[in-house]
Amino acid sequence: MTRARMPRPHEVAAARRDTRLLRALHERQRDEAWRTRGLCQSVDPETFFPAPNEPADAAMALCHTCDVQGACLAWALEVGDCYGVWGGTTPRERRAMLVAWRGEVQPGVTDAARPLVRGRRLTPVPLGR
Ligand code: SF4
């Protein structure tokens, strides 16, 4: 089993500027009913969980036209979900976003409370790097 590597500082810096993350920060906790309005409600769930060597294009295209993309991504980042496509992001993209998110939204969360992502605990990166 291969372990996912920790995101590099430049990847986290890029994630902080990503408009999808900024939208998620803006829309988090504003729309509690986002799940009922997601476009994926009428699509085979497997579309959003492609195998690692399969493209996620179909899911990504649907997410990019979904009205609740920001709330959906905020949820995935809140729970630290690193599997499947959520809010128009792939698991790989979310690993860097998750570090940025925890630094922006949950800086007071203790390490013990942080979820394990494939055996490693994510820790926040100081802002401004
Ligand atoms: S953004 Fe994508 S995964 Fe999230 S609710 Fe919309 S279609 Fe579903």
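Visitor: Okay. Where is A33 found, then?
Guide: A33 sits in the loop between α2 and α3.

Visitor: Is A33 buried or partly exposed?
Guide: Partly exposed. Buried means under 20% relative accessible area and exposed means over 50%. A33 counts as partly exposed because its relative accessibility is 40%.

Visitor: How far apart in space are A33 and A71?
Guide: Their C-alpha atoms are 9.3 Å apart. In sequence, 38 residues separate A33 from A71.

Visitor: Let's zoom out. How many helices and strands does the protein have?
Guide: Six helices and two strands. Along the sequence the pattern reads α-α-α-α-α-α-β-β.

Visitor: What share of the residues is buried?
Guide: Of the 129 residues, 41% count as buried.

Visitor: And what about contacts that span the chain?
Guide: Take contacts between residues at least 6 apart in sequence. Of those, 61% join residues at least 24 apart.

Visitor: Which residues touch the most other members of the largest nonpolar core?
Guide: L21, L77, M97 and W101. That core has 15 residues.

Visitor: Which helices supply at least two residues each?
Guide: Four of them do: α1 (9–17), α2 (19–27), α5 (69–79) and α6 (91–104). The largest share is from α6, with six residues.

Visitor: New topic. Which residues are around the ligand?
Guide: They are G38, L39, C40, F48, C63, C66, V68, Q69, C72, V85 and G87.

Visitor: How many of them are nonpolar, polar or charged?
Guide: The shell has eight nonpolar residues, three polar ones and no charged ones.

Visitor: So where are the charges pairing up? How many salt bridges are there?
Guide: The count comes to four. One joins the side chains of R20 and E93, at 3.2 Å from N to O. That pair links distant parts of the chain: R20 is in helix α2, E93 is in helix α6, and they are 73 residues apart.

Visitor: Are those two buried or partly exposed?
Guide: One of each. R20 counts as buried because its relative accessibility is 17%. E93 has 29%, so E93 counts as partly exposed. Also, D18, R20 and E93 are linked in a network of salt bridges.

Visitor: What does R23 form a salt bridge with?
Guide: With E27. The closest N and O atoms are 3.3 Å apart. R23 and E27 are four residues apart in helix α2, so about one helical turn separates them. R23 is partly exposed, at 33% relative accessible area.

Visitor: Which residue does E78 meet?
Guide: E78 meets R28 in a salt bridge, at 3.4 Å from N to O. Those two are 50 residues apart, with E78 in helix α5 and R28 in the loop between α2 and α3. E78 counts as partly exposed, at 27% relative accessibility. R28 has 27% as well and also counts as partly exposed.

Visitor: Last one. What is the average confidence?
Guide: The average pLDDT is 82, and 79% of the residues score at least 70. Confidence is highest in helix α4 (residues 57–63), at a mean of 97. The lowest mean is 46, in strand β1 (residues 116–117).

Visitor: Where does pLDDT stay under 50?
Guide: Over residues 115–129. The model has 47 contacts beyond four places in sequence for that stretch. Where pLDDT is low, predicted coordinates should not be read in detail.

Methods: Residues are numbered from 1 along each chain as its sequence is written. This is a predicted model: local features need pLDDT of at least 70, side-chain atom pairs count only at pLDDT 80 or more; totals for chains, interfaces and linings use all residues. Side-chain values use heavy atoms; hydrogens and water are left out. A nonpolar core is a set of buried Ala, Val, Leu, Ile, Met, Phe, Trp, Tyr and Cys residues joined through side-chain atoms within 4.5 Å. Buried means under 20% relative accessible area, exposed over 50%, partly exposed in between (1.4 Å probe, protein chains only). pLDDT is the predictor's confidence in each residue, from 0 to 100. Contact means heavy atoms within 4.5 Å. A residue is near a molecule or strand if one of its heavy atoms lies within 4 Å of it. Ala, Val, Leu, Ile, Met, Phe, Trp, Tyr, Cys and Pro count as nonpolar, Asp, Glu, Lys and Arg as charged, and the others, Gly among them, as polar.
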